[in-house]
Amino acid sequence: MIRRLLLLLPFLVFVGLAFFLYRGLSLDPSARESALRGQAFPSFTLSTLEDPGAEVDESLLRGRMSLVNVWASWCPTCKEEMPQLLALSERGVQMVGINYKDARDLGRQFLEEFGKPFEVNIFDPAGDLGFELGVYGVPETFLVDANGIVRYKHVGYITPAQVDEVMAEVEKWH
């Protein structure tokens, strides 16, 4: 009897593993909650993409609601997202960019080619600020309230259909 149960053990382990793998495949990693939600935007001091001599810090995000978009010239979906970011900017949303793990000249060329929705671009060549934000892929967008608190995180590019959803989040926290 015990021998028969031992023969069934590998099968039962397989079934258990298959269940957990199947369940894991059905989860949406972009739907996970940001650990920063309700927390202050991380402290930083970095130069701007446009001017290596101009430094900005987290105080840039206080006093006015901002959408902070993490992007890179090497990111194909960032190109697809640019029209939506331009539309949000045209609707009066303060847009702040974080040029992530990129070369300064390539980031500038990207903006020349695809548009400039950002009032300021923070240059993060080493990805340190991205790491503090918990970025695991670009693009990612954070809504930061006038007190510098992260209120919303959007993982992946903002599609045309999601512009109104993002605007609703802006208005909710405005």
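**Helix 3**

I count a residue as exposed over 50% relative accessible area, buried under 20% and partly exposed in between, using a 1.4 Å probe and protein chains only. The model is predicted, so I read local features only at pLDDT of at least 70 and side-chain atom pairs only at pLDDT 80 or more, while totals for chains, interfaces and linings use all residues. I number residues from 1 along each chain as its sequence is written, and side-chain values use heavy atoms, with hydrogens and water left out.

Helices and strands here are DSSP runs numbered from the N terminus, H or I of at least four residues for helices and E of at least two for strands.

R104, G107, F110 and L111 are the buried residues I noted in helix 3. They fall within an arc of 125 degrees seen down the axis, so they line one face of the helix. I take the arc from the directions that run from the helix axis to the C-beta atoms.

What do the buried residues of helix 3 pack against? They pack against strand 1 (45–47), strand 3, helix 2, strand 4 (94–100) and strand 5 (120–124). Contact means heavy atoms within 4.5 Å.

I also checked the residue just after helix 3. G115 takes a positive phi of about 115 degrees there.

**Helix 2 against helix 3**

I then took the pair. Helix 2 (residues 76–90) packs on helix 3 (residues 104–114) at an angle of about 60 degrees, and their axes are 10 Å apart. That makes helix 2 oblique to helix 3. Under 35 degrees counts as roughly parallel, over 145 as roughly antiparallel, 65 to 115 as roughly perpendicular, and the rest as oblique. The axes are lines fitted to C-alpha atoms over the stretch in contact, with angles from 0 to 180 degrees between N-to-C directions.

Which residues meet? From helix 2 come C78, K79, M82 and L86; from helix 3 come F110, L111 and F114. By class, this contact has six nonpolar, no polar and one charged residues.

**Helix 5**

I repeated the check on helix 5 (residues 163–173). V163, V166, M167, E169 and V170 are buried. On the face turned away from the buried side I found D164, E171 and K172 exposed.

**P52 and R104**

P52 sits in the loop between strand 1 and strand 2 (55–57). Its relative accessible area is 48%, so I list P52 as partly exposed. P52 touches S47, R104 and R108, not counting residues up to four places away in sequence. P52 and R104 are 52 residues apart along the chain, yet their C-alpha atoms are separated by 8.9 Å.

**Loops and backbone**

K101 lies in the loop between strand 4 and helix 3. Its phi is positive, about 45 degrees, although K101 is not a glycine. K101 is partly exposed at 44%.

A cis peptide bond joins V138 and P139, with omega about 0 degrees. P139 belongs to the loop between helix 4 (128–133) and strand 6.

**Y22**

Last, I looked up Y22 in helix 1 (residues 2–25). At 64% relative accessibility, Y22 counts as exposed. Y22 and R37 are 15 residues apart in sequence and 29 Å apart in space, C-alpha to C-alpha.

Definitions and conventions: Ala, Val, Leu, Ile, Met, Phe, Trp, Tyr, Cys and Pro count as nonpolar, Asp, Glu, Lys and Arg as charged, and the others, Gly among them, as polar.
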